[in-house]
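Subject: Handover of a structure and notes on it

Dear colleague,

Please find the structure below, with its sequence. My notes on it follow.

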Amino acid sequence: MTDDPRPGQPADPTRAVPPIDVDAVVDAVVQVLRSAAALAKIPPDEAERQIAELLAFVRRRLTADYDVDEFGFDEDFTLHAYLPLLRPLYRSWFRVEVRGAEHVPAEGGALVVANHSGTIALDALMTQVALYDDHPAGRHLRMLGADLVFATPVVGDLARKSGSTLATAEDAERLLRAGELVGVWPEGFKGVGKPFSERYKLQRFGRGGFVAAALRAGVPIVPCSIVGAEETYPMLGNASGLAKLLGMPYFPLTPTFPWLGMMGLVPLPSKWIIEFGEPVRTDELGAGAGEDPMTVFALTDEIRQTIQESLYRILATRDSAFFG
């Protein structure tokens, strides 16, 4: 005889459910992680360290033993989940070379201003990794993002947790005054969504709100030039009608997307260079400089021109877009 209910009858809710053996589950997970580390040829000592960190991270999440700041930044999540997910792209796929990291202040507020490109904004994410992994002080980059980023399910939550906030002058100034390193990509969707034929040609930098925030906070502005992102998803066309229907700023047509389906979303393995230029001081311009439209416009144009010239210089000396 069997205790199972006959077809069509509900199961007996009073039947005991076998308890989950948590220790056995943890042991099984650890064994899987050890096997994966062995396949990846990670040294045993390093593998054990990473596994211990992962288990500690999971325990903190389950017990809510972590802090989140007023902007939603979750440092524990960023260090132990977000950055580790990006590192394989950063180190093995794009093989990012960082130049001039010493130009980014080791402490205190500063504004990093970069060119934007690549159809999908991977350039911002790679810059985040660069400033934590390849800067002597390991600084978190608090990025300013467009409304669409935070309105997108999952993406918006990840952006908040990893330190991004809405691109408003007020939030930028608050972060800068608090001594944070803030990142902005003033070209916005005009830069990310430009056709491949216009690669590495900077679009307008908006109205200079980012410059005004830096001037009011009296912090330096660090120009950042990113080469390699343009080749990840070469945008050959834009299905504007479909983009409008979907509420997107553009719908890219690349050599692989949408023709290869989801496989078309895999970025091409271009070789990246991220170069940080010498910081431009703003504290010498006076307390009211941020309210002077001519000063803001002139400094915005100076930063844009500096980045454009750096891009041309790097392009003239790189050997290949995919090798090196």
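I begin with Ser162, which touches Phe73, Thr78, Tyr82, Gln128 and Leu141, residues up to four places away in sequence not being counted; contact here means heavy atoms within 4.5 Å. This is a predicted model, in which local features need pLDDT of at least 70 and side-chain atom pairs count only at pLDDT 80 or more, while totals for chains, interfaces and linings use all residues. Residues are numbered from 1 along each chain as its sequence is written, and side-chain values use heavy atoms, with hydrogens and water left out.

Ser162 is found in the loop between α6 (155-161) and β4. Helices (H or I, at least four residues) and strands (E, at least two) are DSSP runs, numbered from the N terminus. With a relative accessible area of 3%, Ser162 is buried; the term buried means under 20% relative accessible area, exposed means over 50%, and partly exposed lies in between (1.4 Å probe, protein chains only). A polar atom of the Ser162 side chain lies 2.9 Å from the backbone oxygen of Leu158. Ser162 and Phe77 are 85 residues apart along the chain, yet their C-alpha atoms are separated by 7.3 Å.

Thr165 is found in strand β4 (residues 165-166). Its relative accessibility is 1%, so Thr165 counts as buried. The side chains of Thr165 and Asp171 are joined by a polar contact of 3.3 Å. A polar contact is a pair of N or O atoms within 3.5 Å; within protein, one must be able to donate a hydrogen and the other to accept it, and residues adjacent in sequence count only if both atoms are side-chain atoms. Leaving aside neighbours within four places in sequence, the contacts of Thr165 include Phe71, Met143, Phe150, Arg160 and Leu175.

Turning to the helices, the 12 residues of helix α4 (residues 122-133) should span 16 Å at 1.5 Å a residue, and its end C-alpha atoms are 16 Å apart, which agrees. The expected span is 1.5 Å times one less than the number of residues in the helix. Nine of the 12 residues of α4 are buried, so this helix is largely enclosed by the rest of the structure. Among these buried residues are Leu122, Met126, Gln128 and Leu131.

The axes of helix α7 (residues 169-177) and helix α9 (residues 209-217) come within 9 Å and cross at roughly 35°. Axes are lines fitted to C-alpha atoms, for helices over the stretch in contact, and angles run from 0 to 180 degrees between N-to-C directions. The contact is made by Ala169, Ala172, Glu173, Leu176 and Arg177 of α7 together with Gly209, Ala213, Ala214, Arg216 and Ala217 of α9.

Gln308 has its place in helix α11 (residues 293-317). At 8% relative accessibility, Gln308 counts as buried. Its side chain reaches the backbone oxygen of Tyr200 at 2.9 Å. Not counting residues up to four places away in sequence, Gln308 touches Tyr200, Lys201 and Leu202.

As for the whole, the protein chain has 11 helices and nine strands. Its C-alpha trace spans about 90 × 45 × 45 Å along its principal axes. Of the 324 residues in the protein chain, 41% are buried. Among contacts in the chain with a separation of 6 or more, 75% are between residues 24 or more positions apart.

With kind regards
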